[in-house]
Amino acid sequence: MAKARSPLWTDVDYEAPGKQVGFLHMPHSVTRSAYGTIPIPLAVIANGSGPTVLLMAGNHGDEYEGQAALCDFVRKVDPAEVQGRIIVLTATNLPAAVAGTRTSPLDDGNLNRAFPGDPTDGPTGKIAHYLDTVLFPMCDATHDFHSGGASLDYLTLATMRLSGDADLDRRARAALDAFAPPLAMVWAFTNEPTLSSACALSHKLIALGGEFGGRGAVRLEGIRVIEAGMRRFLDHLGVMEAPADLPPPPRPRYVEVPDRSWYVYAPERGLFVQAVDLGAEVEAGDLAGQVYFPEDPGRSPVPCHFRQSGLVICQRTMGRVERGDCVFHLARDID
Ligand SMILES: [Zn+2]
């Protein structure tokens, strides 16, 4: 059955050569604007024939390194240097990006849990549906730049997700090698079909991602890793030659997250006091932290422990926790 038609439209011509910076218009009918639209920024840089690559950021609104790096890229890129087509979304879930929040203030929608979306969904699901039905089918590859957002902090890393298609996974691994982040991570379990990467993989795209900072802040190192890695990624795909003065790529350390046992969750509501820092190497059974009870100081803190041995790549940034909040996750080395 054919997928339903998207209600989003654009004046940008995906087939025209040159650089166009415009908008995807999403109908949004509210009291103050009955025939109003939400203008999601869209840039298309095209020249000659070649692959199509989608670069996107602001999937989560409070993750900023990709948003900044892609703004620079859109302004500076010369279409004459492109061989093929580059589509850029600097603020994919625009309402969330403008609000500086993970989810959209319009419908509380988490775009990276909204795929493949539907035209009858709220604004967030409509964006996912446009990507699934219009943009991903046009593309050969995509890179979705994330960070930890307000509640998490990550080591700077780029990622791929195993697709179950050995040839596609091999090509994604080659693209990740080319991007050459300091730390490269493979998501070895794919249990959420609602992710943008899972949707991109269903279209057989080379789909990279990454976590380039966190804390709701802007990490300069993350922007620099994206800028250099993105140019090597585009060069690898044959869309745009990397500049000659690009610094030599680091040799990435490769890690993977095999399953949920590599995550640590808060065991109680309270104040979480971590026992290790981001970047630590820990052993299974090591203390991860303890939940304190400032409202009940006579009560002993409740500990939680790592269930696996590995590298602490992610930690929670906020002191107060609810039972079930993720406070750490680990990854282990692969060759
Ligand atoms: Zn994210």
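This is a predicted model: local features need pLDDT of at least 70, side-chain atom pairs count only at pLDDT 80 or more; totals for chains, interfaces and linings use all residues.
The domain assignment, which is an automatic or database one, divides this chain into domain 1, covering 9-257, and domain 2, covering 262-333. Residues are numbered from 1 along each chain as its sequence is written.

Taken over C-alpha atoms, the centres of the two domains are separated by 30 Å. Where the domains meet, 14 residues of domain 1 are in contact with 14 residues of domain 2, contact being C-beta atoms, placed from the backbone, that lie within 7 Å. On the domain 1 side, strand S7 (152-154) and strand S11 (253-257) each supply at least two of the residues that touch domain 2, and S11 gives the most, with four residues. Strands here are DSSP runs of E with at least two residues, and helices are runs of H or I with at least four, numbered from the N terminus.

Turning to the whole chain, there are six helices and 19 strands. The radius of gyration, taken over C-alpha atoms, follows a globule rule of 2.2 Å times the number of residues to the power 0.38 for comparison; at 21 Å it is close to the 20 Å that the rule gives for 335 residues, so the chain is as compact as a globular protein of that length.

Finally, among contacts in the chain with a separation of 6 or more, 69% are between residues 24 or more positions apart.

Conventions. Two residues are in contact if their C-beta atoms, placed from the backbone, lie within 7 Å.
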